Amino acid sequence: MAVDEELAKLVGELAHEIKNPLSTVKVNLQLAREALDSVDLTEPSRVLWEQCRRSLAGASRKIAVVQKEADRLEQILESFLGYVRRPDLQLATVDLNELVSDMIDFYSPQAFSLALTVWQSFSDEPLLCRADPGALKQVLLNLFINAQQAMDNGGELMIRTARRGDRALVHVNDTGRGIPPERLPTIFQPYRSSRLGGTGLGLATAKKIVEAHGGTISVHSEVGKGTSFTIELPLLSPPGDSGGGAA
């Protein structure tokens, strides 16, 4: 697909994504206005004051809905801009074992609160890569949250690192509901999320970040058994190695 065609398609999908929140904002603003217009402070009777109190409380609830939808619109637009921008990677030499361990430590309290059991297994050797630590942590957090949302009543989240030739591997497995086979071919495409309230760009952005590092991300899933995402990244070549692979 040509760049202009892809951008036009993305903009069309963005317009579709923001249509419902905008509609909700408009309806609730109108209702809040009607509630405020009904307030009459000219007659200080007890009955009228009670009506005013109810009207103001109703307007306050409508404004809270507007605020929530405004936050949702901001999230949609920020996700869209994050996806369409060229990744500006701040590369450093990182050990994937340490980076993944840090993210597990960061996420574990949330997992515990949701009755998720986190298992971890790391490569026996350092997995040194040239990578943007912040960007990769964003990818991992997205995969953790995807796994969390696939496990409604608790479950197990398993994270492993390994080496295969000149590539470092990160596996993120869950015991959730799984992904139907017909959805798998489009799982990394923009706006293909079936999750209510999702931006539809999480996995698409993750794929873009991983590929900007010269890596790949893949998925395997079975309905009723769970889902496994695998990230592959090139290992850093040791000094003096002209072959491009790790020793």
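Reader: Why is A115 called exposed rather than buried?

Author: The model is a predicted one. In it, A115 has a relative accessible area of 52%. The term exposed requires over 50%, so A115 is exposed. This residue is found in the loop between helix 3 (96–113) and strand 2 (116–121).

Reader: What makes the phi of A115 worth a remark?

Author: Most residues other than glycine have a negative phi. A115 is not a glycine, yet its phi is positive, at about 60 degrees.

Reader: How many aromatic pairs does a search of the whole structure find, and why is the pair of F188 and F229 called edge-to-face?

Author: The search finds 2 aromatic pairs. The ring centres of F188 and F229 are 6.1 Å apart, and a pair requires centres within 6.5 Å. Their planes stand at 75 degrees; edge-to-face applies over 60, so the pair takes that name. F188 lies in the loop between strand 5 (167–174) and helix 5, and F229 in strand 7 (residues 226–234), 41 residues apart. Both F188 and F229 are buried, that is, under 20% relative accessible area.

Reader: What makes the pair of Y107 and F144 tilted?

Author: The angle between the planes of Y107 and F144 is 45 degrees, and their centres are 5.3 Å apart. Stacked pairs need planes under 30 degrees apart and edge-to-face pairs over 60, the rest being tilted; the pair of Y107 and F144 is accordingly tilted. Y107 and F144 are both buried.

Reader: Which values describe the packing of helix 4 and helix 5?

Author: Two packed helices are described by the angle between their axes and the distance between the axes. For helix 4 (residues 133–150) and helix 5 (residues 202–212), the axes come within 9 Å and cross at roughly 145 degrees. Their crossing is left-handed. Among the contact residues are V139 and L143 of helix 4, and L203 and I209 of helix 5. By class, this contact has 7 nonpolar, 5 polar and no charged residues.

Reader: What is the overall make-up of the chain, and how much of it counts as buried?

Author: The chain has 5 helices and 7 strands, in the order α-α-β-α-β-β-α-β-β-α-β-β. Of its 247 residues, 37% count as buried. The chain exposes about 14,500 Å², with 55% supplied by carbon and sulfur atoms.

Notes. Residues are numbered from 1 along each chain as its sequence is written. This is a predicted model: local features need pLDDT of at least 70, side-chain atom pairs count only at pLDDT 80 or more; totals for chains, interfaces and linings use all residues. Side-chain values use heavy atoms; hydrogens and water are left out. Axes are lines fitted to C-alpha atoms, for helices over the stretch in contact, and angles run from 0 to 180 degrees between N-to-C directions. Helices (H or I, at least four residues) and strands (E, at least two) are DSSP runs, numbered from the N terminus. A crossing is left-handed if the near helix is turned anticlockwise from the far one by less than a right angle, and right-handed if clockwise. Contact means heavy atoms within 4.5 Å. Ala, Val, Leu, Ile, Met, Phe, Trp, Tyr, Cys and Pro count as nonpolar, Asp, Glu, Lys and Arg as charged, and the others, Gly among them, as polar. Buried means under 20% relative accessible area, exposed over 50%, partly exposed in between (1.4 Å probe, protein chains only). Accessible areas come from the Shrake-Rupley method with a 1.4 Å probe; for residues, only the protein chains shown count as cover. Rings of Phe, Tyr and Trp (its six-membered ring) pair if their centres lie within 6.5 Å; planes under 30 degrees apart count as stacked, over 60 as edge-to-face and the rest as tilted.
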